[in-house]
Amino acid sequence: MIYVNDLKKEFKKAIKEPGLKGSIKALFKPNNEIIKAVDGITFHVPKGEILGFIGPNGAGKSTVIKMLTGILTPTSGTCTINGYVPQKDRQKYVKEIGVVFGQRTQLWWDLALRETYSVLKEIYDVPDKEFKQRMAFLNEVLELDSFITSPVRTLSLGQRMRADIAASLLHNPKVLFLDEPTIGLDVVVKDNIRNAIQKINAEEGTTVILTTHDLSDIELLCNRIVMIDKGKKVFDGQINELKHEFGQMRDLQFELVDINNVAKLDYCEHFNATADDLQLSNEGVMVSVRFNSDVVSVEDMLSYTLSKVHVKDINLKDADIEEIIRRMYRQEVSIDEV
Amino acid sequence: MKFKKFMRTYRPFTRAGMLESVAYRANFICFLLGEIMSCFIMFFVWKAVFNSTTSPDFMGFTMSDMVVYLFITFLTGYLTYSDGTYAIATEIRDGSIAMRMIKPCSFDMCFLFQELGNKIFNVLVIFVPIVLGVEIYRWAITGVCQFDIVHFLLYIISLVLAYLISFYFNVSYGFMAFYLKNLWGADILKECIVNFLSGATIPLAFMPTVLADILNFLPFSSLSYTPVMIYMGMYSLDEIALRMLLQVFWLVTMILISKAVWNHAVKRLCSQGG
């Protein structure tokens with residue numbers, strides 16, 4: 001479905017010395033530096049998959065999406081989607097995809113939302129009957145009814161995003177690209193949008209590529225994730241694999257019988273672990289220890305804890321994906337700084 | 001069939017353009033008032049020029065010719081005005097051009113049809129009163145009706161050509177924003193130069209012969225001077241045919257240039273604003 005092979009994108013960036021003097025100098029003798037925004041990324045997405053595309057700010061996610069949607073031309077490497085090369089057959093290719101950039105809108109700023117949809121209907125050549133069905137479906141999932149007659153410029157961010165997603169789905173695209181679709185939205189709207197994505201994926205078999213910083217998007221929606229950093233792919237696989245591969249963070253939670261016993265617990269010293277691998281926090285009698293099970297085994301942890309204090313209740317669980325990714329981001333940064 | 005499909009794709013842009021222009025009515029009215037005022041300022045300037053000479057005409061223009069010239073130039077300038085440079089430059093600057101690239105339409109056509117929609121009401125509001133006013137004025141001065149339907153129709157054809165030249169010229173110019181990133185200054189410079197070279201500020205006939213000959217050949221005269229001269233009946237039919245041929249030549253050239261610039265520029269597109 002989607003094949004990306006050794007994709008690279010380089011930008012020229014003018015280096016300018018600070019101040020007026022620097023500006024004048026740059027005017028006559030521009031000094032360019034080449035930035036590798038995307039540096040040899042390869043992956044493949046089968047039909048019907050929801051792929052989470054993640055990475056810290058400036059990792060090159062949006063640049064990849066822009067190349068996949070035909071907006072940017074790669075410096076080298078190839079991508080083929082549904083057998084199309086986006087940059088070559090742009091007009092035909094984009095008929096089969098839907099795109100949402102969370103920070104932009106494809107709606108007509110000055111028109112009532114309803115008008116935008118009828119414009120899109122004509123552009124994409126959607127038959128009347130299909131259009132009606134689609135609108136009814138999108139209305140139901142995204143609750144557009146309450147603002148469909150308002151001009152787009154008067155919509156709130158959450159309304160606009162829902163409207164944008166509906167706009168990208170109107171022509172029943174085979175592939176849907178979502179670049180940060182939940183940015184800046186409240187929980188209810190996020191839920192709404194996730195629901196819509198899930199439904200479309202299940203009912204139409206739409207392939208979805210999603211970038212996000214909201215890791216619950218990933219956990220709730222994606223079967224697979226590709227993580228990139230500094231233009232390079234650092235992880236590609238199932239979420240379970242990620243959990244396995246990057247740090248076995250566990251959460252040990254227990255309820256103390258006596259609140260004064262908290263002072264007895266000195267994990268860091270006992271296990272000689274860094275704050276990155278072991279953290280202790282408590283709220284009254286409820287204590288929570290987050291630890292890396294590669295550094296401190298679960299058995300050691302439990303036996304140490306139980307030898308020191310009496311507990312009423314104890315509970316051990318996997319850390320969520322968010323924690324793993326947070327650690328990964330940090331790790332990448334610290335490796336680079338050394 | 002192909003034409004039908006073409007119209008089905010781009011008609012909505014015209015409709016959207018119309019709805020947009022309705023949304024910004026006040027803007028249009030202010031613009032119109034400002035333009036008409038500057039038109040009258042020019043009128044009084046020329047009136048002063050004619051009053052200070054003893055001969056009834058100046059370089060072959062009588063005062064009433066001059067009035068017709070001023071107002072028809074204003075009308076032509078307004079009708080052939082294309083917002084392409086500004087619209088494209090803005091979209092390139094803030095990066096929203098990306099949103100156009102993900103739609104299955106050709107760029108220039110989207111802009112063209114949207115702009116046509118934007119203009120429709122304004123044209124209706126402005127065209128009839130000015131032509132009517134000019135003709136009444138001519139009739140009142142000379143005592144005979146000067147309106148000539150053949151010249152008027154030829155004027156309309158020339159006007160359409162002029163608009164398309166202007167449109168493609170502005171589109172090409174707008175694509176320069178891919179290289180310059182921000183086109184505000186360059187756009188103002190362009191407006192001034194074009195207004196002068198096209199004869200919108202001073203009739204080309206008033207300029208030194210060599211300069212006038214050169215300017216007559218350049219694309220700028222096709223934008224405004226040619227249709228206005230046709231309207232005023234200053235050209236013989238042979239001349240009109242020649243001038244229109246020149247207009248067609250420049251139109252084709254501009255279309256080719258805009259395609260070439262686009263093809264080159266799009267490869268250099270970089271993402272501004274995420």
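This is a predicted model: local features need pLDDT of at least 70, side-chain atom pairs count only at pLDDT 80 or more; totals for chains, interfaces and linings use all residues.
A residue is called buried here if 20 or more other C-beta atoms lie within 10 Å of its own C-beta, and exposed if 12 or fewer do.

**Stop 1: helix H2 of chain A**

Select residues 61-68 of chain A, which form helix H2. Eight of the eight residues of this helix are buried, so H2(A) is largely enclosed by the rest of the structure. Colouring them one by one, you will pass through A:Lys61, A:Ser62, A:Thr63, A:Val64, A:Ile65, A:Lys66, A:Met67 and A:Leu68, which make up the buried residues of H2(A). Just after the helix, pick A:Gly70, whose phi is positive, at about 90°.

**Stop 2: A:Lys47 and its loop**

Now move to the loop of chain A that runs between strand E2 (31-45) and strand E3 (50-54), where A:Lys47 lies. Is A:Lys47 buried or exposed? A:Lys47 has 12 other C-beta atoms within 10 Å, and therefore counts as exposed. If residues up to four places away in sequence are set aside, A:Lys47 touches A:Met1, A:Gly205 and A:Thr207. Draw a distance from A:Lys47 to A:Asp266 as well: the two are 219 residues apart in sequence, and their C-alpha atoms are 51 Å apart in space.

**Stop 3: chain A as a whole**

Chain A holds twelve helices and 13 strands, and 36% of its 338 residues count as buried. Of the contacts in chain A between residues at least 6 apart in sequence, 75% join residues that are at least 24 apart.

**Stop 4: where the chains meet**

Show both chains, and select the 22 residues of chain B that are in contact with 26 residues of chain A. On the chain B side, helix H1 (2-23) and helix H5 (97-101) each supply at least two residues, and H1(B) gives the most, with eight residues. By residue class, the side of chain B that touches chain A divides into twelve nonpolar, five polar and five charged residues.

**Stop 5: the nonpolar cores**

Next, look for the largest nonpolar core, which has 123 residues; those with the most contacts inside it are A:Leu51, A:Phe177, A:Leu210, B:Ile72 and B:Ile165. The largest share of this core, 13 residues, comes from helix H7 of chain B, residues 149-175. Apart from this core lies another, of nine residues, including A:Tyr267, A:Val289, A:Phe291 and A:Met301.

Centre the view on B:Ile165 and leave aside its neighbours within four places in sequence: B:Ile165 is in contact with B:Pro219, B:Ser222, B:Leu223, B:Gln247, B:Trp250, B:Leu251 and B:Met254.

**Stop 6: helices H4 and H7 of chain B**

To see the contact itself, select B:Gly84, B:Thr85, B:Ala87, B:Ile88 and B:Ala89 in H4(B), which meet B:Phe167, B:Asn170, B:Val171, B:Tyr173, B:Gly174 and B:Phe175 in H7(B). The residues of this contact divide into seven nonpolar, four polar and no charged.

Notes. Residues are numbered from 1 along each chain as its sequence is written. Chains are lettered from A and ligands numbered from 1 in the order in which they are written. A nonpolar core is a set of buried Ala, Val, Leu, Ile, Met, Phe, Trp, Tyr and Cys residues joined through C-beta atoms within 7 Å. Helices (H or I, at least four residues) and strands (E, at least two) are DSSP runs, numbered from the N terminus. Two residues are in contact if their C-beta atoms, placed from the backbone, lie within 7 Å. Ala, Val, Leu, Ile, Met, Phe, Trp, Tyr, Cys and Pro count as nonpolar, Asp, Glu, Lys and Arg as charged, and the others, Gly among them, as polar.
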